Amino acid sequence: MKSAYNSTSEADHTSLASSSCCHQHEHPHETCQHHSEVTDDGHNAACEHHHADVSPTPISWLTRTVVLLLFLGSGYYLWLQWPAMLMTSIKWQRDINGQLSDLLYDAQQNITAAYSLAGLSFLYGIFHSLGPGHGKMIVTTYLATNPAKIKASLIMTVVSAFVQAVVAITLVSILLVFFKSSMRQVNDAADQFISYSFMAMLLLGVIVIYRSLKQAWQLRSAQRHHHHDHGDDCGCGHKHFANADEINNATSLREYMVIVFSIGIRPCTGAILVLLFANMVGLYWLGVISAILMAVGTALTTSGIALLTLSGKKIVSRYLATNQRQRTMTSIIVKLIGGILLVLLGLLLLNGHSYGMSPVL
């Protein structure tokens, strides 16, 4: 009798533990079939995989602080090295521009010089886009502060680079063929396009700020209507908190188009120079090929920078992430900061044109 009583008590205890675990993990429409098998460790064994999913090992605040300090220190070091990077970039561009013009003159006598011109144009696109420039600011600031997918980001950077080449070729061709413009007039027209680029950058910042404030207001309004206690996704038939990706999927394409416009509308200064020299020596078609190869080199560099930005952002998010509600609120706040930075950079560049800078980063 005592043995039977103990068996019954153990079964009741296991059943009670099973019911408690099901209630704790909120399975309103499911039966916990895995609890029907009685094991030696009872409740703990049955609920082990649930606790592993629901309560992952939290990352210590010390680790988060160290990672954040490392990124802030890297940013501060980059800020200190900015003047030296700018001067080095200008020197490289000046030297390569001289070599490009020499190769164009050589191509008049020996067409095989065109191969050297093609290779140097590709390298120019790579080195040109490595220097400081407003396009790099747009891409890195936006990708670092807004949810973005790798494929869409790469397409955005590649298209921006080629739009630059197309704008340069179209602008120079129209001014030279239809208006017989001088080099000074072509440069003045290109400078006007640079102003349009900065205005588009300012517009992008305004759009990002508006969307951030709108999403924050929507989330606050949703919280007012749900005073009862719920998880991120409970069983009451609706979600109480939007996912960080879901709140951005609706209009991210519009922002990508503004980014492409703000970067691409500024014609590549190297491409304009090569086109003008090529026109002077009667090899304009070679200048067009050179401009396209510059875009290929630029696209390669900008894609690499975009991947580095997204990778760094993923590392930071991994160490700073908590629950879904805080992740979404943090995403909105960071996005708002990114929009403010874009507006400030746009105003700064509009008030003082930054010549010699790389148009794409």
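Helix α8 passes helix α10 in a left-handed crossing, a crossing being left-handed if the near helix is turned anticlockwise from the far one by less than a right angle, and right-handed if clockwise. The model is predicted, so local features need pLDDT of at least 70 and side-chain atom pairs count only at pLDDT 80 or more, while totals for chains, interfaces and linings use all residues. Residues are numbered from 1 along each chain as its sequence is written, and side-chain values use heavy atoms, with hydrogens and water left out.

**Packing of α8 with α10**

- The axes of α8 and α10 (residues 252–264) lie 8 Å apart, and the angle between them is about 160 degrees; axes are lines fitted to C-alpha atoms, for helices over the stretch in contact, and angles run from 0 to 180 degrees between N-to-C directions.
- That angle makes α8 roughly antiparallel to α10, because angles over 145 degrees count as roughly antiparallel, under 35 as roughly parallel, 65 to 115 as roughly perpendicular and the rest as oblique.
- On the α8 side, the contact (heavy atoms within 4.5 Å) includes Ser197, Met201, Leu204 and Arg211, and on the α10 side it includes Glu255, Val258 and Phe261.
- This contact has nine nonpolar, three polar and two charged residues; Ala, Val, Leu, Ile, Met, Phe, Trp, Tyr, Cys and Pro count as nonpolar, Asp, Glu, Lys and Arg as charged, and the others, Gly among them, as polar.

**Packing of α7 with α8**

- The axes of α7 and α8 (residues 183–224) come within 10 Å and cross at roughly 140 degrees.
- That makes α7 oblique to α8.
- The crossing of these two helices, α7 and α8, is right-handed.
- Val167, Leu171, Val172, Leu175 and Leu176 of α7 meet Gln185, Val186, Ala189, Ala190 and Phe193 of α8.

**Cavities**

- Two cavities of 30 Å³ or more are present in the structure; on a 1 Å grid over the protein atoms alone, a cavity is a set of points where a 1.4 Å probe fits but cannot get out, and lining residues have an atom within 4 Å of a point.
- The largest cavity holds about 50 Å³ of space, where grid points are joined across faces, edges and corners and a volume is the space filled by probe spheres set on the points.
- Its lining consists of Ala161, Gln164, Ala165, Cys268, Ala291, Met294, Ala295 and Thr298.
- Helices α7 (150–177) and α12 (284–320) are the elements that give two or more residues to this lining; helices are DSSP runs (H or I, at least four residues) numbered from the N terminus.
- Four lining residues, the largest share, come from α12.

Methods. On a 1 Å grid over the protein atoms alone, a cavity is a set of points where a 1.4 Å probe fits but cannot get out, and a pocket is an open set with protein on both sides within 12 Å along at least five of seven lines; lining residues have an atom within 4 Å of a point.
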